[in-house]
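Subject: Structure handover

Hello,

Please find the structure below, followed by notes on what was found in it.

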Amino acid sequence: MEKNVLCYNQNMGKNRRSKEFKNNSQVIDMEEARARRQQKRRAEKEKKEEKELRAKQQNTRGKRAIRRSKTRRKIITGITIAIIVLLVFLLVFNIISLKKEQYDTKKEQQALKQQKAELQKELENAETPENIEAQARQQLRLIKPGEVLYMFPSEITDRDDSSTGGQKGDSSQ
């Protein structure tokens, strides 16, 4: 069997020449070159098949990972929503309690203003002679000269200081 021999020379087109044989007049065995090319193609095909197999394996892993990540996202979203709802509930509860406290404080303030007005009126009337006389008769049981003080048993027991009452009663009679 004859081997096909190809000789590269400078007469061949530059575009067809490989860089390896540019300025070379080396003789190439065609059968051997074909065998090398076939081996190279087989190796590339095997690599490609191996890559596809890996991609399929990774794709199934990827689908599982995607499912896991979707589940995790759902859980995280649910927890986040629960926290937001809880915070909103607490804020609303806080606002309501503050409004109630404000209402109670305003009521108390109005009561205190009313009490202040009554005390101011009482203070204005405290310096008048009629009021001084009424307070002296009520609290101190004083009487004017010539008046008689009558005390009943219930009034005697209600008094805080029973010894002064007895003396006043004796001195007036």
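Is E133 buried, partly exposed or exposed, and what is its relative accessible area? E133 is partly exposed, at a relative accessible area of 35%; buried means under 20%, exposed over 50% and partly exposed in between, with a 1.4 Å probe and protein chains only.

Some conventions come before the rest. This is a predicted model, in which local features need pLDDT of at least 70 and side-chain atom pairs count only at pLDDT 80 or more, while totals for chains, interfaces and linings use all residues. Residues are numbered from 1 along each chain as its sequence is written, and side-chain values use heavy atoms, with hydrogens and water left out.

Overall layout

The chain has four helices and two strands, and along the sequence they run β-β-α-α-α-α. Helices (H or I, at least four residues) and strands (E, at least two) are DSSP runs, numbered from the N terminus. The chain has 173 residues, of which 5% count as buried. Of the contacts (heavy atoms within 4.5 Å) between residues at least 6 apart in sequence, 24% join residues at least 24 apart.

Confidence

The mean pLDDT (the predictor's confidence in each residue, from 0 to 100) is 79 for the chain, and 71% of the residues reach 70 or more. Over residues 165-173 pLDDT stays under 50, and the model has nine contacts beyond four places in sequence for them.

Salt bridges

Side chains of opposite charge can pair when their charged atoms come close. A salt bridge here is a side-chain nitrogen of Lys or Arg within 4 Å of a carboxyl oxygen of Asp or Glu, and the count by this rule comes to seven.

In helix 1 (residues 30-126), E32 and R36 lie four residues apart, about one turn of the helix. Their side chains form a salt bridge at 2.6 Å, N to O, and E32 is partly exposed at 42% relative accessibility.

K100 and D104 form another salt bridge, at 3.2 Å, N to O. These two are also four residues apart in helix 1, so about one helical turn separates K100 from D104. K100 is exposed, with a relative accessible area of 53%, whereas D104 is partly exposed at 35%.

E133 pairs with R137 in a salt bridge whose closest N and O atoms are 3.3 Å apart. Both residues lie in helix 2 (residues 129-139), four residues apart, about one turn of the helix. R137 is partly exposed, with a relative accessible area of 31%. Through salt bridges that share partners, E133, R137, K144 and E147 are joined into one network.

Nonpolar surface

I75, I79, I83, L86, L87, F89, L90 and F93 make a nonpolar surface patch of about 820 Å². Patches are made of residues with over 30% relative accessible area and no salt bridge; like charges are joined within 9 Å, and nonpolar side chains (Val, Leu, Ile, Met, Phe, Trp, Tyr) within 5 Å. I75 lies in helix 1 and counts as partly exposed at 49% relative accessibility.

Regards

Note on methods:
Areas by Shrake-Rupley, 256 points an atom, 1.4 Å probe, with all protein chains shown as cover.
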